[in-house]
Number of protein chains: 2
Amino acid sequence: MADRIKIVTATRAGFCFGVKRAVDIAFDAAKKSRHVYTLGPIIHNPQVIEKLRSEGVAPIQSIDNRKIKTLIVRTHGVTNEMSARLGNKSYNVIDATCPFVKKAQRFAGLLRKEGYQVVIIGDREHPEVMGLMSYAGPDCIVISKEDPLPKLRSRVGVVVQTTQPISVLKRFVGESIDQVKELKVFNTICNSTALRLKETKRIAKGVDAVLVVGGKNSANTTQLAKFCISMSVPTYHIETAKEIRKEWFKDVKKVGITAGASTPDWIIEEVADRIRYIGGRS
Amino acid sequence: MADRIKIVTATRAGFCFGVKRAVDIAFDAAKKSRHVYTLGPIIHNPQVIEKLRSEGVAPIQSIDNRKIKTLIVRTHGVTNEMSARLGNKSYNVIDATCPFVKKAQRFAGLLRKEGYQVVIIGDREHPEVMGLMSYAGPDCIVISKEDPLPKLRSRVGVVVQTTQPISVLKRFVGESIDQVKELKVFNTICNSTALRLKETKRIAKGVDAVLVVGGKNSANTTQLAKFCISMSVPTYHIETAKEIRKEWFKDVKKVGITAGASTPDWIIEEVADRIRYIGGRS
């Protein structure tokens, strides 16, 4: 029998503060009320959504559905227009927006009020960014990783999608500073994102392969996977242990496990168990 | 006879707006009054200082000298304490501080008032920076080109010595942004400094040698010379045409002339004349 596979699991893998809070709110609401819905998937993890569905909490797209008794606003937040519309509803609304996203929304509104041209660093298709845009106003600009720098006004204010890598913000401030007279940046990148990326980097350096666990629709999980690939370590982005293939571990003595902010512990544990099982039989 | 030496003179060489204004103020004051003094050299160019001296305007170090009838505050500005002391004097005080330096002083005071940790990017020995420090308050930090990044507080406000190269500011914002939660930067680098550097770069690329004309004590002139040296073009930093040596032009077909913000036109013209004379005799 070959040596067992050594597993290094990131201590910062899995639920961040905002996700844990939102998922707790949803399970708690399920206990207290019937006809509980989340406005869109509460987090970007299909397995957690399924587990919630089995407890009676389902995602819904329309806020006008008559079945709603309790509606939960998801971690990524909503636009200020949607927030105002929800304020007029007769049903119970629970705001599970991540407090760090709320802060970024407040900063976007403040920069707008202070007369800055507001720049949002992030992915314009991401619900968090769509929310931020509504606070930043119609003149705001969204800049994503690969975007060339647009012509900027002389006073620019910046907020950042909480799960962006710091490199994108660094690039923007470095490139924009000689175009502008005043630059006010709220570095709203969540600390847990930065620390998770840092730990993943450290782990990826010392292993033969990395398993990145989390929703295929999760921006921060996908980012972790891309990051590991850029370090030239064999990388597998999986949602569950079922996707693991034995052949991935040929000649692998040490494997790293990391996971996005929306990946629950139970899935990470199943992944580790599955590798132990494969390692024991190799 | 060999071909004549072709000369390319930077259109932006010489007096910037603030220097021209200050020198005009000094010559004008000399006409209107006797016992006119400047608090330190009005600009960093010994030849201009000598010319002013011949008109009756001399630099002085103490503001308490009884001979003073008119005192001119120089382009680099003074500390807020000095400004207050001058306000109590019975003699005539003319403020020739560059308006762009004044603006940087105001921004430094504003950042302090708004509770930011104020960072000044510049040379801590330069009188302009000493002035800025007094407005930024006792907790401010001065960061020069080669300085390692210190530990920063979470809210940082930045002003820049008007004659700094943009590269130093770029480095600071890029390196500091992942340490801080909020960064407010007033890019107070004077446009004329940036444009002069840009034009010098363009000229240095296409010539066999560059003459950088200006005070040896002038920060922005020294910076131009360093910049040309970094481009691996033979570079000579001179104050006047007298320093030019014929042997510099052996095998030189094309020479560039650039000059700092405090270099008067007449010196630049003397330098060009001297090269023409050498070129004609080679």
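**Close-up views of chains A and B**

**View 1. The contact between chain A and chain B.** In this predicted model, 15 residues from chain B and 15 residues from chain A make up the contact (C-beta atoms, placed from the backbone, within 7 Å). On the chain B side, helix H6 (166-176) and strand S9 (182-186) are the elements that give two or more residues (helices are DSSP runs of H or I, at least four residues, and strands are runs of E, at least two, numbered from the N terminus). That side divides into 8 nonpolar, 2 polar and 5 charged residues (Ala, Val, Leu, Ile, Met, Phe, Trp, Tyr, Cys and Pro count as nonpolar, Asp, Glu, Lys and Arg as charged, and the others, Gly among them, as polar).

**View 2. S9 of chain A beside S9(B).** These strands run antiparallel and are joined by 5 bridges (pairing needs at least two DSSP bridges). Look for A:Lys184, whose bridge partner is B:Lys184.

**View 3. Strand S2 (residues 36-39) of chain A, covered on both faces.** A:Val36 and A:Thr38 lie on one side, A:Tyr37 and A:Leu39 on the other, and all are buried (20 or more other C-beta atoms within 10 Å of the residue's own, C-beta atoms being placed from the backbone).

**View 4. The parallel neighbours of S2(A).** Strand S3 (residues 57-60) is joined to S2(A) by 4 bridges, with A:Val57 opposite A:Val36. Strand S4 (residues 70-73) is joined to S2(A) by 3 bridges, and here A:Ile72 faces A:Thr38.

**Notes.** Residues are numbered from 1 along each chain as its sequence is written, with chains lettered from A and ligands numbered from 1 in the order in which they are written. Local features need pLDDT of at least 70 and side-chain atom pairs count only at pLDDT 80 or more, while totals for chains, interfaces and linings use all residues.

Methods
Buried ≥ 20, exposed ≤ 12 C-beta atoms within 10 Å, placed from the backbone. Contact = placed C-beta atoms within 7 Å.
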